[in-house]
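Thanks for coming. I will walk through one model this morning, starting at the surface and then moving to the backbone.

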Amino acid sequence: MEYDTIRAVDPDVADALEAEVERERDTLEMIASENFVSEAVLEAQGSTLTNKYAEGYPGERYYGGCEHIDTVESLAIERAKELWGAEHVNVQPHSGSQANMGVYLSVLEPGDKILSLDLTHGGHLSHGHKVNFAGKLYEVEQYEVDPETGYLDYDEIYAHAEEFDPDIIVSGYSAYPRQVEWERIQEAADAADAYHLADIAHITGLVAAGEHPSPVGIADFVTGSTHKTIRSGRGGIIMCDEEYADAVDTAVIPGMQGGPLMHNIAGKAVGFKEALEPEFGEYAAQTVENAKILAQTFQDNGFGLVSGGTDTHLVLVDLRESHEDVTGKDAEEALEDVGIVLNANTVPGETRSPFVASGIRAGTPALTTRGFDADDTERVGELIARTINHIGDEDVKAEVAEEVQALCDANPLYE
């Protein structure tokens, strides 16, 4: 077999890959759940480990020839334990959603009860939305943020748990810009004699760096994505105490998947090593600082923010307060036209379809990876505000696009 380049084998895919690199270089990536991994992580994820089946766990595989596979997975596990202080770690889930599935399968039966945050208030599909497997397999009720403040109402969660008597309470969110008080959720779980799953998919890196309080040691289970603020190989992770280790591992394999994606686990191992370096703490701190600057810039330009600001890596704008006739989708499309990529997002009290939405969600992880500082981020916020304030103005569009390109050129990616 000849080992030719992608260009030689498949020019169409090669063209798409090269175009994607150029898109990432020449746009401001502000989707809160996205980031840029290092070239070392890219190399690991494109490695020959994609060739190897490795069903089972280190030292206990269904196939032979796994000695090097075991080394890689063991490194990922040990580094994750060091980063988050967990007793037991499973690095095999293919995504954050599958990590949640692994937890559900480990302690729940079909028809058991889940209490989680409503999707339009910042929750996630895998926390029990009716179109998702969790909503189809389990009985789900959902809590909401306080409509006046945009913050979680912990007293209401406690009361809801006492009334609903769930088997598990899910905390951790995909569009909640404030720190979570894990102990308050745990109090509600204790009152209902329920398990507590903390999903830190968005804030894995912030937790690892100490920029957000950790639920490890408080919640029964902690799940996350490994490709967002932690900047590692794409996939999911489950953390728990030793008492749940066997149940979790069995739920993952053979419960929900077969062979792990070992090239992705290699990417996780490399990314976790990078996150153990002091520079990662500086990155996480700058990510949060940039988000705060972005939030303040939006407010200075007349935009309303859910909860009035942020403690994390993301900002949630409620466009109804400043631009009643501009939907989140309108804003998303106008911004993409000038090279700023973020997403329309539902907001508390949403009246529009999730595909249209009344808000936008903007994150700073990828900008910060490129080297954006507070001044750069303030400028980005001003460009976003200017674009939304002048949707349809071709002169403004051209001017903003030029400034976006200048910012990209000043902060190069994958040189």
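Which residues gather in a patch of negative charge on the surface? In this predicted model, they are Glu 87, Glu 242, Glu 243 and Asp 246. Take Glu 242 as one of them. Glu 242 sits in a loop, with strand E10 (236-240) on one side and helix H10 (245-252) on the other. Its relative accessible area is 45%, and because buried means under 20% and exposed over 50%, Glu 242 counts as partly exposed.

There is also a nonpolar patch on the surface, formed by Ile 6, Val 13 and Leu 17. Together these residues have about 240 Å² of accessible area. Ile 6 belongs to helix H1, residues 6-9. With a relative accessibility of 44%, Ile 6 is partly exposed.

Now the chain as a whole. How many helices and strands does the protein chain have? It has 16 helices and 15 strands. The radius of gyration is 22 Å, close to the 22 Å that the globule rule gives for 415 residues, so the chain is as compact as a globular protein of that length. Along the principal axes, the C-alpha atoms fill a box of roughly 65 × 65 × 40 Å. As for burial, 54% of the 415 residues count as buried.

Next, the backbone. As background, most peptide bonds are trans, and most residues other than glycine have a negative phi.

The peptide bond from Ile 253 to Pro 254 is cis, and its omega is near 20°. Pro 254 lies in the loop that runs between H10 and helix H11 (262-275).

Then Ala 357. This residue is not a glycine, yet its phi is positive, about 65°. It is in the loop between strand E14 (343-345) and strand E15 (359-363). Is Ala 357 buried or exposed? Buried: the relative accessible area of Ala 357 is 0%.

The last one is Tyr 414. It too is not a glycine, and it has a positive phi of about 50°. Tyr 414 is in the segment after helix H16 (394-410). Its relative accessibility is 18%. The cut-off for buried is under 20%, so Tyr 414 counts as buried.

Terms used:
Residues numbered from 1 in each chain as written. Predicted model: local features only at pLDDT ≥ 70, side-chain atom pairs only at ≥ 80, totals over all residues. Heavy atoms only, no water. Patch = residues over 30% accessible without salt bridge, like charges linked within 9 Å, V, L, I, M, F, W, Y side chains within 5 Å. Areas by Shrake-Rupley, 256 points an atom, 1.4 Å probe, with all protein chains shown as cover. Salt bridge = Lys/Arg side-chain N within 4 Å of Asp/Glu carboxyl O. Lys, Arg positive; Asp, Glu negative; His and termini not counted. Charge placed at Lys NZ, Arg CZ, Asp CG, Glu CD. Helix = DSSP H or I, 4+ residues; strand = E, 2+ residues; numbered from the N terminus. Buried < 20%, exposed > 50% of the residue type's maximum accessible area, 1.4 Å probe, protein only. Rg over C-alpha atoms; globule rule 2.2 N^0.38 Å.
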